[in-house]
Amino acid sequence: RGQVPGYTVFQTIRFLGRSFRWEKAEQVFLGADRGGVRMNVFTCGALITALGKGFQWEKALELHKEMERRGIEGNVVTYSALITACEKGQQWKEAMKVYFSMRRAGVVANCTTYNALISACEKQGQDLVALSVFKWMKAEGVEPDTITYSALISACEKAGQWERAVQVFGWMSMENVTANVVTYSALISACEKGGQWEIALEVFEEMKSAGVQGNETTYNALISACAKGGQIGLALDVANSMEDVGVRKDTITYSALISACEKAGQWRQAFSIFQEMQTKSVMPNKVTYCSLIEVMAKCNQIESALRVYQLGFENGCLLNYTPLASTSPGRIASELKLDQLSYELLDFHGLSEIACRICLVSYLRQLLMHQKILESVEFQNFVFITGWGKRSETGISKIRVAVSKLLGNGFKYPISYFVPADNKGVFKVKREDLVCWLRNFQNEEDIVISNVVPYEKVL
């Protein structure tokens, strides 16, 4: 067989890359290389692009090193593709290394290069680094475009710097660069994170005046901004206007609306929104259920909150424990050993203080329902996971404090527990102690908490 022409290899790899088939593109490249086809900067660039689209940033960097070993000099397209691969892999430091390598090689960066580099920084919330790259870009005489400013605003948004995002948008306007829906959405989201619902609304109105149609991201960010600002009526108005412009409400939309109701203490409105969500066949997520549980518990609708928790559990959104009801006695006896049990763990991670209390009540009621099974199995402890609070501002887990108080005096009868010396992020309850505690109750409804809502959160 004769050799496959290099141009055909290039075109094939480029086609496969555009089809997101990086593995096949790599096979074609390696096969042609073994067959004696001489690789050049264009073929290598096409494969780097394909690898980038497949989130294979490490392979892309390896290919670039192979290019250097073979004496194939990269061009602006190759380096830009390599930076893009690092950006998609969320490797902003690697992207910076590629950029400096590019400068040392004497290759002049273009707008595409800088946009990819700023986007790499944006993905990791490195707003100050992104701003530095922006300054380098301007110093090199490369004119920023809409993508540049949108990525820069998004970097500020992820870093929680709403004022800086507004400032960048001002630069964009002065340079007469046209903003698009991505730009406006990022700016509104930045204002939402900064608790600036009024400015978010102004940006939204400016977007409409500019003739730019918002999308789900835009509307969801604005609704969230209104929710955080306690503007439930405004949030509902924005949501109702979505269908008028052909934008569909999604899970994030409904969750933000329920969150707005939670902050306003409107549990009936929240439940009505949840019902609409179900009617429209929009699937709730963990945030949806937790927000609904929060507002119901705050409004003293404890049994309703418990039913919502159970629904979320059944739908697979609140998997904080595995109920005994799902496991047969024979399977329990054969599989459960000491502390190795999957269903004996109650994990409070991802729940608020209120939701964790509702979760614990639901869990204990489940155990009461299957008390006979519980008495027949042989294991030592139940484990309640709260975490240490290492990532909290105070270094103390609020969930840990709440659960400790709950076990100590939250119920009619206290639940004895101990903290293992090797893990301060869990509470352990001996099986025999919990079995004895459950014998104090006849019905599920008898297990209630004296104070479901922390005192400081009572409306």
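What follows is a short exchange on how terms are applied to this predicted model.

Guide: In this predicted model, local features need pLDDT of at least 70 and side-chain atom pairs count only at pLDDT 80 or more, while totals for chains, interfaces and linings use all residues. Residues are numbered from 1 along each chain as its sequence is written, and side-chain values use heavy atoms, with hydrogens and water left out.

Visitor: Why is α17 called roughly antiparallel to α18?
Guide: Helices α17 (residues 286–298) and α18 (residues 302–314) pack at about 170 degrees, with axes 8 Å apart. Angles over 145 degrees count as roughly antiparallel, so α17 is roughly antiparallel to α18. The axes are lines fitted to C-alpha atoms over the stretch in contact, and angles run from 0 to 180 degrees between N-to-C directions.

Visitor: Which residues of α17 and α18 meet?
Guide: Among them are Tyr289, Leu292 and Met296 in α17, and Ile302, Val308 and Gly312 in α18; contact means heavy atoms within 4.5 Å. By class, this contact has 10 nonpolar, two polar and no charged residues. Gly counts as polar and Tyr as nonpolar.

Visitor: What makes strand β2 mostly covered?
Guide: Four of the five residues in β2 (residues 381–385) are buried, that is, under 20% relative accessible area with a 1.4 Å probe, protein chains only.

Visitor: How do you know that β2 and β3 pair?
Guide: Two strands pair if DSSP finds at least two bridges between them. Five bridges join β2 to β3 (residues 426–430) in the antiparallel sense, with Ile385 opposite Val426 in β3. Strand β1 (residues 345–347) runs parallel to β2, with three bridges.

Note on methods. Helices (H or I, at least four residues) and strands (E, at least two) are DSSP runs, numbered from the N terminus. Angles under 35 degrees count as roughly parallel, over 145 as roughly antiparallel, 65 to 115 as roughly perpendicular and the rest as oblique. Buried means under 20% relative accessible area, exposed over 50%, partly exposed in between (1.4 Å probe, protein chains only).
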